[in-house]
Amino acid sequence: MTEKAASEAPTCGPEETSSELAKAPTTEPSAEAAALESAGEERAPTPQAPAPTAPAAPAATKPAPASEGDKVGQGVRAGERSPPQTSSSPPTSPPDGPSAPLRLALEDVSDSSVTVSWEPPERLGRLGLQGYVLELCREGGSEWVPVNARPLMVTQLTMRNLALGDKFFLRVAAVSSAGAGPPAVLEQPVHIQKIIEAPKIRVPRHLRQTYIRQVGEPVNLQIPFQGSPKPQASWTHNGHALDSQRVNVRTGDQDSILFIRSARRSDSGCYELTVRLEGLEAKAAIDILVIEKPGPPSSIRLLDVWGCNAALEWTLPQDTGNTELLGYTVQKADKKTGQWFTVLERYHPTTCTISDLIVGNAYSFRVFSENQCGLSASAATTKELARIQKADIVAKPKGFVERDFSEAPSFTQPLADHTSTPGYSTQLFCSVRASPKPKIIWMKNKMNIQGDPKYRALSEQGICTLEIRKPSPFDSGVYTCKAVNVLGEASVDCRLEVKGKASATH
């Protein structure tokens, strides 16, 4: 039987964990019994008090083999004395009673509480199980005192409010209506002592890389740490003690805060936090870089001017602002307007050529340095102007031979034969090419129809169109389009058939 009582014994209540005790156990039995309060426990009928009968022989009270849980916590020390065996030991198992609980083990030991657990006995007996009684015997004593005044249907109990330095043995026995069975005994005593949690520093993610601030900005570092009892925290700057006039440090139970109201460049460097606790320590280093805008280039000069180009050269700034430069910004301004225009941004070399300058203008140039804080407050400006001279160029136009585009009319798209329905306007199309522009003449059956309101003639970009408005069978015939200019003439024709209305079908 390896599972808890809640799943093994049908007569038992659900498995419970005693998580609240009224007050610390003492050597008085009444106080010991009041130390346990099982939250939400399912109680069995009040059993007969487990009054001692006959002393238990050592063989009858031999506990189950210890599991790994017997070694839990700092309070159990191997090699210490065995539990006492006195006349107050519970009796051997009655014929109809349960056997000893199995696998009694320590689950947790803190500086004020102990949690033990066990498994139901291998044999419950004919009379069933009414619960378990946990007993305590202080080291050096001989009296076993019950922790719970009456049997509880739980397989795990927590004793709280224990005093530092307490050392005692524990045993648990199963109880039925026939009395208490043989106990399972912890072989080693439980020692309540102060538990030390090793110090540990948790550096925030944004501080795991260089922390950058600008001159004049505040620096506020809050570093959480762990440790019990409260560890001692100390700070150093580049291996030296902090300047208490500029740097404020406040250390609480769980964190340490370093604060600088207004940062200076001298505040840059490695800040190390050390947390110590009884010979143990943890360290964390935070790199801080305080930066500001760079100075301008030291000097600038105009190297050369040719055509519409000017070459410049400058030197590095004396102060980079305590960080690397991102480049230079080059600007130009013509003498007439005096307005500055940016030519190059974040340019890394210290020489450049400015092109596309306007002929006849005179230009000044200036260069700014740039880092993470921005452009330098001032710029290096050229003292002399770059004058873009007008070149003495004489235009020599080549002789131009004009091409003659004159052409006699020729139709590129002829008229097409067409069939129309009476009463629906129709159009005839053709295209002609000629230079100069030809005169277009439309004819029907060789008769000129210009000016007839029934027809509308259009000619645009060489496209000739004749629209016949609401034709009738009388308008059927041969239509001709004729193009005429000074170089000649050309004509095309087509047949238009206007069908009469179809006779009704009976």
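**Close-up 1. Surroundings of Thr 342.** A polar contact of 3.3 Å joins the side chains of Thr 342 and Gln 331, where a polar contact is a pair of N or O atoms within 3.5 Å and, within protein, one atom must be able to donate a hydrogen and the other to accept it, residues adjacent in sequence counting only if both atoms are side-chain atoms. This is a predicted model, in which local features need pLDDT of at least 70 and side-chain atom pairs count only at pLDDT 80 or more, whereas totals for chains, interfaces and linings use all residues. Residues are numbered from 1 along each chain as its sequence is written, and side-chain values use heavy atoms, with hydrogens and water left out. Thr 342 lies in strand E22, residues 340–347 (strands, E, are DSSP runs of at least two residues, numbered from the N terminus). The C-alpha atoms of Thr 342 and Thr 329, 13 residues apart along the chain, are separated by 7.1 Å.

**Close-up 2. The aromatic pair of Trp 314 and Tyr 347.** The ring centres of Trp 314 and Tyr 347 are 6.3 Å apart and the planes stand at 55 degrees, so the pair is tilted; rings of Phe, Tyr and Trp (its six-membered ring) pair if their centres lie within 6.5 Å, with planes under 30 degrees apart counted as stacked, over 60 as edge-to-face and the rest as tilted. The pair links distant parts of the chain, with Trp 314 in strand E20 (residues 309–314) and Tyr 347 in strand E22, 33 residues apart. Trp 314, Tyr 328 and Tyr 347 form one aromatic cluster.

**Close-up 3. A charge over a ring.** Arg 366 lies over the face of Trp 340, at 4.3 Å from the ring centre, the criterion being NZ of Lys or CZ of Arg within 6 Å of the ring centre and within 35 degrees of the ring normal.

Key. Helix = DSSP H or I, 4+ residues; strand = E, 2+ residues; numbered from the N terminus.
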